[in-house]
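Here are a few friendly notes to read alongside the model. Please keep the view open as you go through the points.

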Amino acid sequence: MVDEHDKLLPVANVGRIMKRILPPTAKISKEAKETIQECASEFISFVTGEASDKCHKENRKTVNGDDICWALGSLGFDDYSQAIGRYLHKHREFERERASAAAATSSAALDASNQTRIDNSADQATTGETSTSNICKGRLYYPNSSPLEFR
């Protein structure tokens, strides 16, 4: 059986969040932290359960951010739903930009690597030297390995 404390948010994290709101000189009792810990954990379970029910009715196994926004709205937390919806949209936009930048960086590195390989092959062709790696008839040869097809 799952221990009740395993279902709760970590009390240290709850305390840290509480301290951000209060003045620096404020003290928070252990009982206050535990009470907020239980309330926040119950709220998260309540919203997640509603979102999970929606997914189950739609024969889906994964709860996503849109489901959480929907659950908040359906439970009467419209202000939270709208705020989290805006945050979710910005987060997804940021992730797309980051993935696009990573792909561009990766593509640029690959292009530079290919250009170096082509330059080296051209140099070898003019000098008549052979190399440990050659590009030949649609195959890339590496030393001590079999040729790799590329398309």
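Which residues in H2 meet which residues in H3?

1. Phe43, Val47, Thr48, Glu50, Ala51, Lys54 and Cys55 are the ones in H2, and they meet Asp67, Ile68, Trp70, Ala71, Leu72 and Ser74 in H3. Contact here means heavy atoms within 4.5 Å. The contact of H2 with H3 divides into eight nonpolar, two polar and three charged residues. For the classes, Ala, Val, Leu, Ile, Met, Phe, Trp, Tyr, Cys and Pro count as nonpolar, Asp, Glu, Lys and Arg as charged, and the others, Gly among them, as polar.

2. A word on the source: this is a predicted model, where local features need pLDDT of at least 70 and side-chain atom pairs count only at pLDDT 80 or more, while totals for chains, interfaces and linings use all residues. Residues are numbered from 1 along each chain as its sequence is written, and side-chain values use heavy atoms, with hydrogens and water left out. Helices are DSSP runs (H or I, at least four residues), numbered from the N terminus.

3. Now the geometry: the axes of H2 and H3 come within 8 Å and cross at roughly 110°. The two helices are therefore roughly perpendicular to each other, a label for angles of 65 to 115 degrees. Axes are lines fitted to C-alpha atoms over the stretch in contact, with angles from 0 to 180 degrees between N-to-C directions.

4. H1 (residues 11-21) and H2 (residues 30-57) have axes that come within 9 Å and cross at roughly 100°. That makes H1 roughly perpendicular to H2. Val11, Val14, Gly15 and Met18 of H1 touch Ala32, Lys33, Glu34, Ile36 and Gln37 of H2. By class, this contact has five nonpolar, two polar and two charged residues.

5. Do look at the largest pocket, which holds about 210 Å³ of space. (A pocket is an open set of points on a 1 Å grid where a 1.4 Å probe fits, with protein on both sides within 12 Å along at least five of seven lines; lining residues have an atom within 4 Å of a point.) Its lining is Phe43, Ile44, Val47, Thr48, Ile68, Leu72, Tyr80 and Ile84. The largest share, four residues, comes from H2. By class, the lining has seven nonpolar, one polar and no charged residues.

6. Finally, there are two aromatic pairs (ring centres within 6.5 Å). In one of them, the rings of Phe43 and Phe77 have centres 5.1 Å apart and planes at 90°, so the pair is edge-to-face (over 60 degrees). Phe43 in H2 and Phe77 in the loop between H3 and H4 are 34 residues apart.

Methods: Parallel < 35°, antiparallel > 145°, perpendicular 65-115°, else oblique. Points joined across faces, edges and corners; volume = space filled by probe spheres on them. Phe/Tyr/Trp six-rings, centres within 6.5 Å; stacked < 30°, edge-to-face > 60°.
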